[in-house]
Amino acid sequence: MKLIVITGTPGSGKTTIAKEVASKIKDSELVHANDLIKSKHIFSSYSKDGAMVVKLGMLAREIDRLRKSSGKRILIIEGHVLCDMKIKGATAVVIREHLETMRNRLEERGYAKKKINDNLVSEAIDYCGANASMNYKESFELMNSKDAASTIVSIIEGKMMPRKQIDLLHELVMLMKKEKVGFI
Ligand SMILES: Nc1ncnc2c1ncn2[C@@H]1O[C@H](COP(=O)(O)OP(=O)(O)O)[C@@H](O)[C@H]1O
Ligand SMILES: [Mg+2]
């Protein structure tokens, strides 16, 4: 059994891409971390902006249980919180997205301005990617594109090793200039 973690900032495209990856791989199972966290009540409270405060140790144990009980060849787990966790033996793929695209998606979700800007800064400084590279024995970054799912399939099959880091800091600088205000 191979365990693949798909993670990234909210609005990067994790859920969309993970579904496409799962549809391309026979004998795979896809788990949405958020569904697991809600169904097993793996959170202690809600933060001020409405996000669940996840019990990371409990989630790691639950994922370990899934790994042991799933009879599938490939287990794919997707979720933002996964970049902050250590999951033994897993390969992590961090989905990156252009900041303006991400902002549009988060606005569509109805996020408050501050929450959107916090997420854009997190994306620009590569918060998820930096954590994933510390927490996983193997981690890759991939821009969201129509080819992203096929690239992940190639990574799973050991045929591709994409670059380790993508630099979007310049996009943050351009956004700040365009708006003529600092929004950090
Ligand atoms: N490659 C893509 N092409 C077109 N739309 C996309 C793509 N990736 C994501 N989206 C759209 O962006 C929105 C957010 O994507 P989602 O997968 O839910 O992000 P995440 O799970 O990282 O928060 C969805 O409405 C989805 O349809
Ligand atoms: Mg999602």
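Trainee: What are the ground rules?
Mentor: Residues count from 1 along each chain as written, and chains are lettered from A, ligands numbered from 1, in written order. The model is predicted, so to speak, by rule: local features need pLDDT of at least 70, side-chain atom pairs pLDDT 80 or more, while totals for chains, interfaces and linings use all residues; side-chain values use heavy atoms, without hydrogens or water.

Trainee: In which order do the strands form the open sheet?
Mentor: Strands of a sheet pair through backbone hydrogen bonds, parallel or antiparallel. Here the order is β2-β5-β1-β6-β7, with parallel pairing. Pairing takes at least two DSSP bridges; strands are DSSP E runs of at least two residues, helices H or I runs of at least four. β2 (28–32) and β7 are the edges. The twist averages 20° from one strand to the next.

Trainee: How many bridges join β6 to β7?
Mentor: Six. V93 has F140 as its bridge partner in β7. Five of the six residues of β7 (138–143) are buried, meaning under 20% relative accessible area with a 1.4 Å probe, protein chains only.

Trainee: Which strands does α3 lie across?
Mentor: β1, β2 and β5, at about 155° to β5. Angles run from 0 to 180 degrees between N-to-C directions of axes fitted to C-alpha atoms, for helices over the stretch in contact.

Trainee: Which residues does I37 contact beyond four places in sequence?
Mentor: I42, F43, M52, V54, L59 and V81. Contact means heavy atoms within 4.5 Å.

Conventions:
Buried means under 20% relative accessible area, exposed over 50%, partly exposed in between (1.4 Å probe, protein chains only).
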